[in-house]
Amino acid sequence: MAATLSPPRILPSGDSAITVEFSHNIDDAANQRVLALDRTLANEPVAGITETVPTYRSLLVHYDPVVIDFDTLGEQIVALAQRPVPPASKTRRWRIPVVYGGEHGVDLEDVAKSLQTTPDDLVARHVAGDYRVAMIGFTPGWSYLSGLEKFLHMPRRQNPRLLTPAGTISIGGVQTGVQCLAGPSGWHLLGRTAVRTYLLHRDPIFLLEPGDRVKFSPVDAKTFAEQDRAAANGEIVAELMAS
Amino acid sequence: MSKLVVSTIGPASSVQDGGRHGAQRYGLTPSGAMDPLALAAANTLAGNTAFAAAIEIGPFGAAFTAREGAVRVALSGTPRSADIAGRAVASDTSMTLSDGETLTLGFARGGAFSYLAIEGGIAGEPMFGSLAVNARAGLGSPYPRPLQAGDELQTQIASGTPERRIELPPIVDGPIRVVWGPQDDEFGEEAKALFLESEWKISATSDRMGYRLEGPVIKHLHGHNIVSDGTVNGSIQVPGNGAPIVLMPDRGTSGGYPKIATSITADLGRFAQTPAGKAFRFKAVSMADAQGEARKFAKLLRSLPDRLRAVENFDLNIEALRDANVAGSAVSAIDARTWQAPSADALAQD
């Protein structure tokens, strides 16, 4: 049996939320514990908890202080978080098509240059990765993936861009990500996917869940354009692989 | 069905309610009213549930016209001049617009947001149980964007219920109370003391995502990059330039700047109403005190139906006259608030 796990830090986020912090850094083991605690609280609801939000290293637990106070909830969470991490049942594995480089990934050449490799090698390395959705946040569907190989770790841009396209696939720091909506970003843009991780009036509205596995597969610009039309009409375009 | 037509309206005005909860794990922020108590008061006056959808009206003036029948509405929040066909009406009361009549509202006085609730609510298609506008996510109904002149809100024909006023406790003009954390350990004692001892002002580049503060530079102990974690309404994050930003209902669901403190729930609405340029302070309180205040605030919200009073003509006229007189002379700093788009620095993740 696993040894007793270290207790997380219970940090106050105001009077109605607790940040349950498992690590100060981006840490795969900590992220697994975040997701495990999230599952535990979903399976064994604690009265007063209204919503949970997994992030890389912590679980944000929203609660109603009329129902339960900070100290009581904190103690319960610490106890639940020290249970051995149960294996995630039925992990979903997605294959997400990406058109790399050119107008769709304007930073590909520059990133390759600064890593002293070729754009083709950069794409091959990015495609080879087996990623996990560590968290979804910032804007709807923005999926942060862990598992980026060390060679591709890069500081973020000095000057964040105000507007980057919907479906952008980018790298920043030790992470890679799938951005759903057009918006600001300080990451390096490698390509685009037609996959909408968030689309209103589609079932499901949100495609990816924290904990899902993701692989990328390169497609050409023509295929991207076709997939983009289909995806706008509610097709999922991403492929669910047999696990 | 009758409808309320937006005749004129300024920026930062949109349909809001109690917010959209349960999808922050997908990056979807709750949105919802900036001042929940004022929303609840307006809705209670209009005979609606406390957090039904209503019109959140920003600092500028607005006018609304009833069409295809009478419409009963109620106004609460920051005071502003209000009249129907030249008759002055008071804040914190309900009122009925006959078919074709127009309610004209002036600038916000001493605050930022007012709420116009409509009896019977606003017809729309809820998403995650809410009509609240979240323009960036394309959410909100009947219009997934701030309101514009010409917009039409469908509602029920006025019931003829006698008008009411609501007695709200006076607003205390004290400091905004906070609890430290979750990342106050990223700041030294000096920075924390400076945060509490300084006068702050809200920058004109504030919006429903966040209020940027003007004051001294709050220095980090170990730099300004932390691994992104979750945010709440009232999180006070300190980016690289040392100028704190208080996160509001349209915030990103996660952020990568250290959060020195968090506004207590009971003070969020009062903080949202702080006019640009007005000096204010923060005060740190214990978790026990903050949660005690949160429970009192929840009790106040529950008590709103018991605070309704019949409107005597005398009351209404005195109130309305007082409002009308003040309206003529007061032009507060809020009028100059510009509501610009936030910069890339504030928006970029991590």
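How many helices and strands does the secondary structure of chain A come to? The count is five helices and 14 strands, taken as DSSP runs numbered from the N terminus (helices are H or I, at least four residues; strands are E, at least two). The radius of gyration of chain A is 19 Å, close to the 18 Å that the globule rule gives for 243 residues, so chain A is as compact as a globular protein of that length. That radius is taken over C-alpha atoms, and the globule rule is 2.2 Å times the number of residues to the power 0.38.

A word on the ground rules: this is a predicted model, where local features need pLDDT of at least 70 and side-chain atom pairs count only at pLDDT 80 or more, while totals for chains, interfaces and linings use all residues. Residues are numbered from 1 along each chain as its sequence is written, chains are lettered from A and ligands numbered from 1 in the order in which they are written, and side-chain values use heavy atoms, with hydrogens and water left out.

Now for the meeting of the two chains. Chain A puts 54 residues into the contact and chain B puts in 48, with contact meaning heavy atoms within 4.5 Å. Three salt bridges turn up across this interface (a side-chain nitrogen of Lys or Arg within 4 Å of a carboxyl oxygen of Asp or Glu). In a salt bridge, R57(A) pairs with D229(B) at 3.9 Å, N to O.
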